[in-house]
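Please open the model in a viewer and keep the sequence at hand.

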Amino acid sequence: KILPDNPLTAPVTISLAAFIFTLPILIHFFHQANPWTLLANLPSCSLMSLFFGAALSSALVPRDYSAITNILSDLFVSASQLLYNAMAKIAKIASEAPSGTASWEAWPIWIAILWYLTFISFSYWGRLRTARVLGLLSTSIMLSYWAFTPIWNRLNPELTVDVIDIGQGDAILIKTPNGRTLLV
């Protein structure tokens, strides 16, 4: 069974599952994740289904055959534009919210694999004892990695180079192992 029966909890559950499932991908490719997407997805999912309905209807209603079809087509186009603008506004609010974007270093591939293993294990939590053991073990390994990585990085500093887009140009921040920094 994939979806919950309760129509009130289904959107929250689906939004949470989508966030959890896509988190390693977001971190790997974009080095950031936005926790507000959980809340932003709730109205956006409903608006998205209405948007696709309006956009499809505007494509299916023929234009230039009669005044009624032209009015209907214009109505569907206007509705889809309104819904799109509402979803864009929700996304903008979520991206500008406090702590709206958390930056992360890319996870090692084995952490991403453990993440998905944990995700799958917890979906079989109540049915398989092996899933519970596997879920707890993979969660423990990931938490240990995240807990000890900052300590390891502090004990074994490396040279880091960050390229930063500052709007009208670029900046390069170099941090040496002995704690010195250089901004170019």
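Begin by selecting Phe-21, Tyr-116 and Phe-119, which form one aromatic cluster. Rings of Phe, Tyr and Trp (its six-membered ring) pair here if their centres lie within 6.5 Å; planes under 30 degrees apart count as stacked, over 60 as edge-to-face and the rest as tilted. The model is a predicted one, in which local features need pLDDT of at least 70 and side-chain atom pairs count only at pLDDT 80 or more, while totals for chains, interfaces and linings use all residues. Residues are numbered from 1 along each chain as its sequence is written, and side-chain values use heavy atoms, with hydrogens and water left out.

**The tryptophans**

A search of the whole structure finds nine aromatic pairs. Select Trp-107 and Trp-115 next: their ring centres are 5.2 Å apart and their planes stand at 50 degrees, so this pair is tilted. Are these two residues buried or exposed? Trp-107 has 10% relative accessibility and therefore counts as buried; Trp-115, at 15%, is buried as well. The classes are buried under 20% relative accessible area, exposed over 50% and partly exposed in between (1.4 Å probe, protein chains only).

Trp-146 is partly exposed, with a relative accessible area of 27%. Helices (H or I, at least four residues) and strands (E, at least two) are DSSP runs, numbered from the N terminus.

**Helix H4**

Display H4 on its own. Which residues of H4 are buried? They are Ile-111, Ala-112, Leu-114, Trp-115, Thr-118 and Ser-121. Show helix H1 (10-30) and H5 too, since the buried residues of H4 pack against both (contact means heavy atoms within 4.5 Å).

Move to Lys-92 and Glu-96, which form a salt bridge with the closest N and O atoms 3.4 Å apart. The criterion is a side-chain nitrogen of Lys or Arg within 4 Å of a carboxyl oxygen of Asp or Glu, and the count by this rule comes to one. Because they are four residues apart in helix H3 (residues 67-96), Lys-92 and Glu-96 are separated by about one helical turn. Lys-92 is partly exposed at 43% relative accessibility, whereas Glu-96 is exposed at 55%.

**The sheet**

Finally, select the open sheet of three strands, ordered S3-S4-S5 with antiparallel pairing. Two strands pair if DSSP finds at least two bridges between them. S3 and S5 are the edge strands, each pairing on one side only.

S3 (residues 160-165) and S4 (residues 170-175) are joined by six bridges, and Val-161 stands opposite Ile-174. Four residues lie between these strands in their hairpin, where Gly-167 takes a positive phi near 95 degrees.

The hairpin of S4 and S5 has five residues between the strands, and Gly-179 in the turn has a positive phi of about 95 degrees.
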